[in-house]
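Let's take a walk through this structure together. Have a look at the sequence and the model, and then we'll go through some of the details.

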Amino acid sequence: QMEDEYWKEKYYIDMTDEEERREILRNNLNTKAELTNANLNFEFANTKELIDYYIYIIKSKQSELDNLIKLAKEKNIEVA
């Protein structure tokens with residue numbers, strides 16, 4: 001829970017509600033695109049190192065997206 005609070009404060013301090021809403025939506029879209037890109041790159045990875053790297057990136061981006069979705073729900077922001 002402490003990490004969640006830090007994360008929220010770090011990115012959304014001193015924003016109006018509308019700015020915060022737009023930033024959450026923008027971050028959500030960017031993270032989805034990064035996750036899609038990582039998945040595509042994983043499909044073409046041809047060495048153990050690249051496979052491991054893209055697995056790491058995919059897990060990282062999925063965790064980031066999960067946190068953004070959770071934050072959006074807490075703020076009653078609908079994300080696609």
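Which residues of H3 are buried? In this predicted model, they are Tyr-54, Ile-57, Ile-58, Lys-61, Leu-65, Leu-68, Leu-71 and Ala-72.

## Helix H3

H3 runs over residues 48-74, which makes 27 residues. From its first C-alpha to its last, H3 reaches 39 Å, close to the 39 Å expected at 1.5 Å a residue.

## The nonpolar core

Now for the inside. The largest nonpolar core has five residues in all: Leu-35, Ala-38, Ile-57, Ile-58 and Leu-65. H2 and H3 each supply at least two residues of this core, and the largest share, three residues, comes from H3.

Leaving aside residues up to four places away in sequence, Leu-65 touches Asn-28, Thr-31, Lys-32 and Leu-35.

Over in helix H2 (residues 17-44) you'll find Glu-20. Glu-20 counts as buried because its relative accessibility is 11%, and buried means under 20%. The side chain of Glu-20 is joined to that of Lys-75 by a polar contact of 3.3 Å.

Asn-76 sits in the segment after H3. Although Asn-76 is not a glycine, it has a positive phi of about 55 degrees.

Is Asn-76 buried or exposed? With 73% relative accessibility, Asn-76 counts as exposed, since the cut-off for that is over 50%.

Technical notes
Residues are numbered from 1 along each chain as its sequence is written. This is a predicted model: local features need pLDDT of at least 70, side-chain atom pairs count only at pLDDT 80 or more; totals for chains, interfaces and linings use all residues. Side-chain values use heavy atoms; hydrogens and water are left out. Helices (H or I, at least four residues) and strands (E, at least two) are DSSP runs, numbered from the N terminus. The expected span of a helix is 1.5 Å times one less than its number of residues. Buried means under 20% relative accessible area, exposed over 50%, partly exposed in between (1.4 Å probe, protein chains only). A polar contact is a pair of N or O atoms within 3.5 Å; within protein, one must be able to donate a hydrogen and the other to accept it, and residues adjacent in sequence count only if both atoms are side-chain atoms. A nonpolar core is a set of buried Ala, Val, Leu, Ile, Met, Phe, Trp, Tyr and Cys residues joined through side-chain atoms within 4.5 Å. Contact means heavy atoms within 4.5 Å.
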